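Biologist: Could you take me through this structure, please? I would like to start with its strands and then turn to side-chain contacts.

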Amino acid sequence: MRSFTVLLAAVLLATSSSASSFISTPITKLNRSGAYLKGSPDADRARAAFLKSRASGGATTVPASNLAYVQYTTSVGVGSPATYYNLVVDTGSSNTFVGTGKKYVRTSTSEATGETVNVTYGSGYFSGLEYTDTVTLASTLVITKQSIGDALEYADFEGVDGIVGVGPTDLTQGTLSPDTNAMIPTVMDNALKQGWITEEILGVSFAPATSYNDTNGALTYGGIDESLYTGDITYTPVTQTYPAAYYWGVNITDSTYGTATVIPESTAGIVDTGTTQVLLADNYFAVYMDAIPGAYLDDNTGLLVIPASSVADMQYLNFTIGGTVFSMDVAAQLIPTDQNTAWGGETGVQYGVVANLGTDSGEGLDFIVGQKFMEKYYAIFDTDHSQVGFAYTDHTFTTYSG
């Protein structure tokens, strides 16, 4: 799926063997070639539509990698001895599965559940058989009897081996058969239950990629890593507005671009590592686009085109979340032109990362805060307190170099 990232090698950072220690794992980027990102805006919008329709001990930090500028993955071991897979980090889904690239290797710890599994992601899907198995998130975080899918059929998972789903557990309901009412404990659920972590909290650190395959991110299972952010964390409760409330949904109370009011009143959307861009309801996006002279949507790529003459005068895009203003500076809003080929764009054209959702506001999911926002801010997904947190980082504000 184009809204996901691939993790490099099976290199896990072991910090301490005590249950109170942090466990960090890397997010790895894989080498790709060609217009790998072409169609990504459409994939993001398809994912947004699906998300809306579907809704009718210690802490360990590991590395994460950015694949082809649009997906983050981490290395996860399955079985004993473990086979390591590059899995997309997805807060917008909750099933964990392997087999879309490297095939599932069964060992003595692999046990068939008798269930089939089928999950649709908007721009892709997988179906197959469900097992329980040993899952290694880090050398000091080894979960036993974790439910995991073996993908026998799938689409749109180029370059990755599957997904590690870290969304709310409720999203797994209806994915199994014949037990369609069953909910599958996530890796975070089982890590807490088995005592590997003492808080069901996931810290996510992304960063703007400086190369096509860049190990520039980190995941913290069971807490936050204070070295990865600056200042204070702003927390906001998970929204009660549906369908956003089924996910890691939050409220944005207002949004501005320069003097233009993009979002005039509090509205609900979601925070999703599996969406590449920042998506706004079509009427909100129209305000943003109209505020940039000459900007228009390109029918070929689905991306916003910004005339070179308008770049110098661009303003910050501001979102108020939990009483704090989080800004996307000019660099955060623009795709570096040396990435155009990967996005399927034309040489020398300036494209933007903000896009339209595909529907107008008022449907309970009016925006998606995706990867390009999280590359500027540290994000915390706190199941224990049903809240999402954001904090500034050393790369929140940068200079756009084109």
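Modeller: The following turns cover strands, salt bridges and aromatic rings.

Modeller: Please note that this is a predicted model: local features need pLDDT of at least 70, side-chain atom pairs count only at pLDDT 80 or more, and totals for chains, interfaces and linings use all residues. Residues are numbered from 1 along each chain as its sequence is written, and side-chain values use heavy atoms, with hydrogens and water left out.

Biologist: Is strand β3 enclosed or open to the outside?

Modeller: Strand β3 (residues 71-78) is largely enclosed by the rest of the structure, because eight of its eight residues are buried. Buried means under 20% relative accessible area, exposed over 50%, and partly exposed in between, with a 1.4 Å probe and protein chains only. Strands (E, at least two residues) and helices (H or I, at least four) are DSSP runs, numbered from the N terminus.

Biologist: Which strands pair with β3?

Modeller: Two strands pair if DSSP finds at least two bridges between them. Strand β2 (residues 60-67) is antiparallel to β3 over three bridges, and N66 stands opposite Y72 there. Strand β4 (residues 83-90) is joined to β3 by six bridges, also antiparallel, with S75 opposite N86. Strand β7 (residues 125-138) pairs with β3 in the antiparallel sense over two bridges, where V78 faces V135.

Biologist: What happens in the hairpins?

Modeller: Three residues separate the strands in the hairpin of β2 and β3, and A68 takes a positive phi near 55°. The hairpin of β3 and β4 has four residues between the strands, and G79 takes a positive phi near 95°.

Biologist: Changing topic: how many salt bridges are there?

Modeller: The count comes to four, a salt bridge being a side-chain nitrogen of Lys or Arg within 4 Å of a carboxyl oxygen of Asp or Glu. One of them joins R106 and D150 at 3.3 Å, N to O. R106 lies in the loop between β5 (97-98) and β6 (111-120) and D150 in strand β8 (residues 141-155), so this pair ties together parts that are 44 residues apart in sequence.

Biologist: Are those two buried or exposed?

Modeller: R106 is partly exposed, at 48% relative accessibility, whereas D150 is buried, at 7%.

Biologist: What about D329 and K376?

Modeller: Their side chains meet in a salt bridge at 4.0 Å, N to O. D329 lies in the loop between β22 (324-328) and α5 (330-333) and K376 in the loop between α6 (371-374) and β27 (377-382), so the pair links parts that are 47 residues apart in sequence. D329 is buried, with a relative accessible area of 1%, and K376 is buried at 4%.

Biologist: Lastly, the aromatic rings: how many pairs?

Modeller: There are 20 aromatic pairs. Rings of Phe, Tyr and Trp (its six-membered ring) pair if their centres lie within 6.5 Å; planes under 30 degrees apart count as stacked, over 60 as edge-to-face and the rest as tilted. Y392 and F397 form a tilted pair, 5.9 Å centre to centre with 45° between the planes.
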